[in-house]
Amino acid sequence: LWSLTEERVAALRALLAEKEAELEELRNTTPEQMWTRDLDEVEQALDDMDDLMAADAEDEEKTRRKAQGKKGKKGGAAGRKAPKKKKVYDSDEESESDEDDFMDESDEEYVAKPTKR
């Protein structure tokens, strides 16, 4: 409170007057009026959300049509890039050295046990 200036006191008094006016308004409002006002605000918010969703759907439709139009102009698949081919490794092409093998002679005799169901 030591830094309380005359300007700050005036601002606090104005805020107090504003809050007292809000309190008086609430005291004079019936619960039914509050309910109706809240319902009106919710309805308005839902209308705003519906408008926003409709605008988004319209934008998506325009974008979809634009994309389809471009595809048609380029001749469908002709306008797309070909996917990169994956390199296929053939076991015959790899080196035949023994140190690269993951199985030794004892592994070839291994038979898997049937799983229980």
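Predicted model: local features only at pLDDT ≥ 70, side-chain atom pairs only at ≥ 80, totals over all residues.
The protein chain contains 2 helices and 0 strands. Of its 117 residues, 1% count as buried. The accessible surface of the chain amounts to about 12400 Å², and carbon and sulfur atoms account for 54% of that surface.

Thr29 is located in the loop between α1 (6-27) and α2 (31-74). Its relative accessible area is 16%; because the limit for a buried residue is under 20%, Thr29 is classed as buried. The side chain of Thr29 reaches back to the backbone oxygen of Glu25, at a distance of 2.6 Å. When neighbours within four places in sequence are set aside, Thr29 is in contact with Met34 and Arg37.

Charged side chains were examined next. Side chains of opposite charge can pair when their charged atoms come close. A search of the whole structure returned 5 salt bridges.

In helix α1, Glu22 and Lys19 lie 3 residues apart, about one turn of the helix. These two residues form a salt bridge in which the closest N and O atoms are 3.9 Å apart. Glu22 has a relative accessible area of 39% and is partly exposed. Lys19, at 45% relative accessibility, also counts as partly exposed.

Helix α2 holds the pair Lys62 and Glu58, whose positions are 4 residues apart and therefore separated by about one helical turn. Their side chains meet in a salt bridge with an N to O distance of 3.6 Å. Glu58 has a relative accessible area of 47%, so this residue falls in the partly exposed class.

Another pair in helix α2 consists of Glu61 and Arg64, 3 residues apart, about one turn of the helix. The salt bridge between the side chains of Glu61 and Arg64 has an N to O distance of 2.3 Å. Glu61 counts as partly exposed at 27% relative accessibility, and Arg64 is partly exposed with a relative accessible area of 39%. Arg65 also belongs to this group: salt bridges that share partners join Glu61, Arg64 and Arg65 into one network.

Definitions and conventions: Residues numbered from 1 in each chain as written. Heavy atoms only, no water. Buried < 20%, exposed > 50% of the residue type's maximum accessible area, 1.4 Å probe, protein only. Polar contact = N/O pair within 3.5 Å; in protein donor to acceptor, adjacent residues only side chain to side chain. Contact = heavy atoms within 4.5 Å. Areas by Shrake-Rupley, 256 points an atom, 1.4 Å probe, with all protein chains shown as cover. Salt bridge = Lys/Arg side-chain N within 4 Å of Asp/Glu carboxyl O.
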